[in-house]
Amino acid sequence: MALPVSVAAHDPVEAEWSIAIHGGAGTLDRAAMTPEREAQYTASLQTALDAGAAILRDGGTSEDAVLAVITALEDDPLFNAGRGAVLTWDGGISHDASLMLGADRSAGAIAGISTVRHPILLAQAVMQDGRHVMLSGDGAEEFADGTRLERAESEWFVTVPRLEALERYRARAVAAIDDEHRFGTVGAVARDRAGNLAAGTSTGGMTGKRWDRIGDAPIIGAGTYADNRACAVSATGTGEYFIRAVVAKSICDLMRLSGMGPREAGDNLMAEVAELGGSGGVIVVSAQGETAFSFNTSGMYRGRADSNGVNEIGIFSDED
């Protein structure tokens with residue numbers, strides 16, 4: 001298993017606001033990435049990043065910035081979340097999402113839903129309701145019935161590339177390009193001018209998943225975590241290993257208890273994931289606004305911006 005790939009953060013100086021985003025990590029082959037397709041991904045990531053950065057620049061909250069990024073990516077069929085999510089073994093849709101705020105560690109999560117246009121907004125609704133942290137399946141759909149969130153027939157989320165990917169998976173002829181779809185997830189972490197952190201993650205899971213499998217994305221502490229005392233984290237990858245290593249909270253614990261920076265803490269946990277046999281990556285923002293990425297795959301769709309003028313988009317591991 002490859003060692004984690006760090007994308008060096010800017011000098012660890014404080015930022016009034018900062019944001020980092022991802023659109024999934026996996027086996028990304030330059031040979032399979034045409035210039036046109038790369039331009040599409042870059043433009044989509046920049047649009048989502050701009051949406052979140054604009055909110056923070058104008059004094060908005062980290063929660064609103066995270067939601068702006070993720071709802072944009074959920075509507076973009078290039079990514080494995082919302083419309084364009086990968087399909088289950090039976091050809092269905094099964095969305096998972098979670099949201100956490102660092103100020104009071106309030107959180108909401110949903111799993112196994114198929115009729116809410118923006119799963120991350122249903123996770124927010126669960127958090128705001130306050131009675132529970134995670135709802136799943138039919139119960140989550142019933143809870144959604146009591147909200148004003150936009151709904152859609154499950155067929156609306158299905159795209160031709162995902163149908164084709166499912167057929168290849170069923171035939172056990174999964175091409176390398178499909179790894180990005182199997183392990184893809186979207187997420188965002190942010191620090192606002194008030195110093196509050198937020199993290200969110202949304203996914204369609206793994207191509208061909210069965211038995212109502214749930215990965216790390218909706219699990220607080222594994223795929224998503226935020227604590228104003230340390231950091232906010234969103235993860236993407238082979239969820240079973242991120243659950244076993246409790247990746248997101250462990251990164252925050254390392255930063256809070258040992259004084260590690262976000263890059264070093266991220267590298268430590270991604271090395272642990274690799275030792276277990278898993279792959280993927282994380283985005284991290286510290287309480288001071290420093291951002292970092294760490295991943296042990298050949299690429300991760302990613303971007304970041306802050307009040308110091310940073311504005312970066314990346315895809316492959318060799319891009320600094």
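Visitor: Leaving aside its neighbours within four places in sequence, which residues is Ser-98 in contact with?
Guide: Ser-98 is in contact (heavy atoms within 4.5 Å) with Gly-108, Ala-109, Ile-120, Ala-123, Ala-199, Gly-200, Thr-201, Ala-217, Pro-218, Ile-220 and Thr-224. A caution on sources: this is a predicted model, where local features need pLDDT of at least 70 and side-chain atom pairs count only at pLDDT 80 or more, while totals for chains, interfaces and linings use all residues. Residues are numbered from 1 along each chain as its sequence is written, and side-chain values use heavy atoms, with hydrogens and water left out.

Visitor: OK, and where does Ser-98 lie?
Guide: In strand 3. Helices (H or I, at least four residues) and strands (E, at least two) are DSSP runs, numbered from the N terminus.

Visitor: Is Ser-98 buried or exposed?
Guide: Ser-98 counts as buried because its relative accessibility is 0%. Buried means under 20% relative accessible area, exposed over 50%, and partly exposed in between, with a 1.4 Å probe and protein chains only.

Visitor: How many residues apart in sequence are Ser-98 and Ile-219?
Guide: 121, yet their C-alpha atoms are 7.1 Å apart in space.

Visitor: Switching to helices: how many residues of helix 3 are buried?
Guide: Eight of the 11 in helix 3 (residues 119-129), so that helix is mostly covered. Among the buried ones are Ile-120 and Ala-123, both of which Ser-98 touches.

Visitor: And what covers them?
Guide: The cover for the buried residues of helix 3 includes helix 2, strand 3 (95-101), strand 4 (107-113), strand 5 (134-136), helix 4 (137-145) and strand 7 (197-203). Just after helix 3, Gly-130 has a positive phi of about 85°.

Visitor: At what angle do helix 1 and helix 2 pack?
Guide: Helix 1 (residues 35-57) and helix 2 (residues 62-74) pack at about 160°, with axes 8 Å apart. That makes the two roughly antiparallel, a label for angles over 145 degrees. Axes here are lines fitted to C-alpha atoms over the stretch in contact, and angles run from 0 to 180 degrees between N-to-C directions.

Visitor: Which residues meet there?
Guide: Helix 1 brings Ser-44, Ala-48, Ala-51, Gly-52, Ile-55 and Leu-56, and helix 2 brings Ser-62, Asp-64, Ala-65, Ala-68, Val-69, Ala-72 and Leu-73.

Visitor: Last one: what covers the buried residues of helix 9?
Guide: Helix 7 (239-244), helix 8 (247-258), strand 10 (280-286) and strand 11 (291-295) are included in that cover. Among the buried residues of helix 9 are Pro-262, Leu-269 and Val-273. Just after helix 9, Gly-277 takes a positive phi of about 110°.

Technical notes:
Angles under 35 degrees count as roughly parallel, over 145 as roughly antiparallel, 65 to 115 as roughly perpendicular and the rest as oblique.
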